Amino acid sequence: MTNGWFSYTNAVRILGADTGLVDALDRLTGGLLLAATGGGSQLALSLFDAKGELARLSRQLGTGLGDRLRGLDRFSRTQRIAAAHTVIVVTAFFEAAAEGGRRFSDEELRLLRQEELAIAGSGGAEGSALGDLVDRLLRMRVPCPSPASPYESVLQDLESHYAELGSRLKSFISGLRRWESMDETRRGRHDEWLATELPVQARERYADLFHRLEAEVPEVAYWSNRVDHQATRERLDAGLSELRRLLESVGSGSEPHGVRDALSRAYRLALGKPILSATELPAGVTIPSLSDAYISPCFRLTAAGSAAAPAEDSWWAEVPVQADLRAFLFGHLTHPAATRYPLLVLGQPGAGKSVLTKVLAAELPAGELAVVRVPLREAPMETDLQTQIEHAIRQATGEHRPWTSVHEAGVVAVVLLDGFDELLQATRIGNSDYLERVAAFQEREAAQGRPTAVIVTSRTAVADRARLPLGSAIIRLEPFRRDQVARWVGIWNRANATDMDTDVVLSLGELATQPLLLLLLALYDAEGDPLRREGELARAELYERLLVRFARREVMKYGSRLSEAELEQAIDRELLRLSVVAFGMFNRDSQWITEDELEADLQALLPEPPVSSRSFQPALSASQLAVGRFFFVHEAQALQDERRLKTYEFLHATFGEYLVARLTAQEVRHLLAQARLSASRARRTSPDSAFLHALLSHTPLSSRESIPEFLHELLSGLPEGKDLLLGMFRDALMSRTSSTYDAYQPGRVEAFRTVPARFAAYSVNLLLLLVLASGEVSGGELFDEPGYVIARWRGLARLWQSQIGYNAWFNLIHAIDLERVGTGEARDVIIRWAAGRLPDLPDVDPYWTYHSATRGTHSWMMNEFQPSARQLRFVCGYEEDALLHTVQPLADELGTSIMTFAGFWPDRAVSPANALLRLWLLSSRRAGLSELAAAYVECLHLSQAFAPFAQRDAHSYLDLVLGHLDLDAHRLRGVLRLDEVPLGSGEPELAERIRAELTRLGFR
């Protein structure tokens, strides 16, 4: 990406306004520079004048910049730096052209200059061409480095740009009479220079001028990301206080006043406050202040292009990780692009996006920048951006102040829009053009002399719900590295005089890499050092202890007089509610749930709390009771018509995924206990599985990879549950009577679950539970219908594939392994939990597929390939189309070779098509001669497997095999013998043809 900002003519106006150089340049170009009169101007020197007067004056314009920038306001300084960069881009080309002019002889240069002057004054077509050329040189918008468009990529853009200018220059010069008078050798040398050498020389000249500019002006080095990060590594950990010092060092030195000062004072209060409210703390715990605890995260940086997919991890995979957030922000906020496009800051829940905006609001110097932080969760959503900004000003200062009062001449405003994802989640209103509207707001403000930079934060997962203005920068905050975790743990230990162990924390994996999750672990560890004391725990056990500990603390806030039994019951109730929250998100295929949706779910699944717990419940709504004040539940909100809309999500998705697995496993064990109780009585009744059906009949558990993994831990060693689950599985596709949970309908309009999809989801979930609880299950156990096991399995698998989401299907077939066993009518399948350790796929055994018990004596053909191809095409599946596309060339000519199978060998059956493809691969790879000869023998044998009515295809197949053998015959003579080829199993005509052709090729 390049951020063209100024043309040379604009740059001259900005830089030369107070130097007198603009008049000199104007006189030099006869008014062309500022008036752009084209061919009507008088160009006072040759483009190839070795004196390079234009280059000399341009260089003078761009030097001594440091002194001329001192004391300027932020916007004026940024403009002049960008203008100086534009000047050096153009200067580099003129200097390279002037230097190249020495390639002409003195006589040629004199004649060229005279002709140029004559053309410039002619006013005719040639004069216009010269005017257009110079106008292009002086009015072009040039590439400029930016933090999102590094120096190296700008060099590439500039070389292309200089190549275009060289081409235009060549076109002009080739029309001069003097050029025509040169001999071909001379013209060829000049052509080569203009097309190839001039762009490279101009780029090298630019690099030299750029290095001088960045040495003189600090901002330029940050624009190009060429600062010495290693030298500042120790200061990086101090957060962003260094950013304030940097901005002040290149500022005007003015003091803030009015609304800017009021906002700054309000925001700086946050630095001294704890990073978590004291009302939510365990006794005796000290929470560090924001200024003490904030650690700048690493990040990935890129620019928005037409193919941007910032919500996808794969899109970020090739983007390098950077560590110096302070340097990036300094470069961004001092660059012209900051006031043209919004900067989008992405991160996972708990990654520190909101905290970053709080620190920026507090640390950005109010004397240089007018900062307004807008928490979108608190802003009225139905209003425009300006009204939301003014609302935030009032919230921070208590004053009704118009947006325009923030600006003064030359001051750049910085608007921090925190929580775009919260606006999306809470309102569910289409905001795909939100960032484009932000950019339009910036454009309007710039036109009115109110330059405004905007930074927008959002969760990564919803980043694809808004179009990104081309040219805007995007950063994604990264999880903490080991050294950052160690620093955070050190800060916590100093604040609390504890000895929390970094290695123990890091052993917890992803829980230890997000700031808010680190805080959660620290609060858990604050009561008795359980992380060290409990040692290494399985992941499910760790999550269980974390959740129970926090649920206990939540209950104790209002139930300190409970008996131990009542306390345990209340804790179970808290976690049950949280599990319903988790299922609400899971069954909506979402990471969040609205307050209204949660209220409906709780009413449908948990309509009445236990009587024993009513006495100690506060007067809260069902959804408020469910989420409580848990640290790991994040509440998003927005204002609409004075009504506060709320959504909830877990700080880390795995909390919700564990709770889904936990409730599922609990319900399976509950049903098993019911079954045992019923078995002990004279009159047996089936366990009531209505609640489990309500939970599991919407979304496959395989939709999230970690849920089956949690379930494997929670259900392993429960083989006694196999009979119960088998019975439920066999009934899964039967019609069900209504139940008390029919009101539970978690599907949103855009993701409505059809009846077949619900049957598919429920049955596939029961299969997963069977495999996870018992280790393995056979098809015979699933269906109990001898002779029809494979047909039933095939039908059910097709139902699942057609009705569950692709991700759930993909995860399913990678979470369980299927082994084909038995022969003939006794065929079966064994389904096992793979746990990510899938064995290599064995070759397809046509004997098994076509339930053939007779081996080594016959061949068969099921049907023509065309009906099979139609079936594959009818499905419109990715995999089906890929396979159909692969075999299409063979199918067009030899369709029967695909559907014919030869059982000439007891241990395997092979189709002619399979053997032919293998032969081609072996021949192309130059395989071993014995292996290649065996492949030819197999293909020649298989040519005799075609049915009597398919002999035309048999001869066509043989044509291919013999034609290829003709190419390999020279290396196979003496290896392949005629008596090794089985003849006589097919039509006699085929056998005779094979014998004659092998003899002709010299095989004996």
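**Entry 1: ground rules.** I am working with a predicted model, in which local features need pLDDT of at least 70, side-chain atom pairs count only at pLDDT 80 or more, and totals for chains, interfaces and linings use all residues. I number residues from 1 along each chain as its sequence is written, and side-chain values use heavy atoms, with hydrogens and water left out.

**Entry 2: overall counts.** I looked up the secondary structure and noted 46 helices and 16 strands. Helices (H or I, at least four residues) and strands (E, at least two) are DSSP runs, numbered from the N terminus. The protein has 1004 residues, of which 54% count as buried. Buried means under 20% relative accessible area, exposed over 50%, and partly exposed in between, with a 1.4 Å probe and protein chains only. I then took the contacts (heavy atoms within 4.5 Å). Among those with a separation of 6 or more, 76% join residues 24 or more positions apart.

**Entry 3: α28 on α32.** Two packed helices are described by the angle between their axes and the distance between the axes. For α28 (residues 564–586) and α32 (residues 653–679) I noted an angle of about 115° and axes 8 Å apart. α28 is therefore roughly perpendicular to α32. Angles under 35 degrees count as roughly parallel, over 145 as roughly antiparallel, 65 to 115 as roughly perpendicular and the rest as oblique. The axes are lines fitted to C-alpha atoms, for helices over the stretch in contact, and angles run from 0 to 180 degrees between N-to-C directions. The crossing of α28 and α32 is left-handed. That term applies if the near helix is turned anticlockwise from the far one by less than a right angle; clockwise is right-handed.

The α28 side of the contact includes Asp572, Leu575, Leu576 and Phe586, and the α32 side includes Gly656, Leu659, Val660 and Arg662. By class, I noted nine nonpolar, three polar and two charged residues for α28 with α32. Ala, Val, Leu, Ile, Met, Phe, Trp, Tyr, Cys and Pro count as nonpolar, Asp, Glu, Lys and Arg as charged, and the others, Gly among them, as polar.

**Entry 4: α27 on α32.** The axes of α27 (residues 539–558) and α32 come within 11 Å and cross at roughly 100°. That makes α27 roughly perpendicular to α32. Arg539, Ala540, Tyr543, Glu544 and Leu547 in α27 meet Thr654, Phe655, Tyr658, Leu659 and Arg662 in α32. The residues of this contact divide into six nonpolar, one polar and three charged.

**Entry 5: α34 on α36.** I noted axes within 8 Å and a crossing of roughly 45° for α34 (residues 706–715) and α36 (residues 755–774). α34 is therefore oblique to α36, and the crossing is right-handed. Pro708, Leu711, His712 and Leu715 in α34 meet Leu769, Leu772 and Ala773 in α36. This contact has six nonpolar residues, one polar and no charged.

**Entry 6: cores.** Which residues touch the most other members of the largest nonpolar core? I found Leu782 and Trp800, in a core of 112 residues. α28 gives the most to this core, with twelve residues. A nonpolar core is a set of buried Ala, Val, Leu, Ile, Met, Phe, Trp, Tyr and Cys residues joined through side-chain atoms within 4.5 Å. Leaving aside neighbours within four places in sequence, Trp800 is in contact with Phe729, Ala760, Ser763, Val764, Leu767, Trp793 and Trp809. A second, separate core of 76 residues includes Leu333, Leu346, Val438 and Val456.

Phe729 is also among the buried residues of α35 (residues 722–730). The buried residues of α35 pack against several elements, including α32, α36 and α38 (789–803).

**Entry 7: single residues.** Asp968 is found in α45 (residues 951–972). Is Asp968 buried or exposed? I noted a relative accessible area of 4%, so Asp968 is buried. Leaving aside neighbours within four places in sequence, Asp968 is in contact with Ser923, Leu932 and Tyr936.

Ala497 has a positive phi, near 55°, in a residue other than glycine. Ala497 lies in the loop between α23 (482–496) and α24 (502–506) and is exposed, at 75% relative accessible area. Asp589 is not a glycine either, and has a positive phi of about 50°. Asp589 sits in the loop between α28 and β8 (593–594) and is exposed, at 55%.
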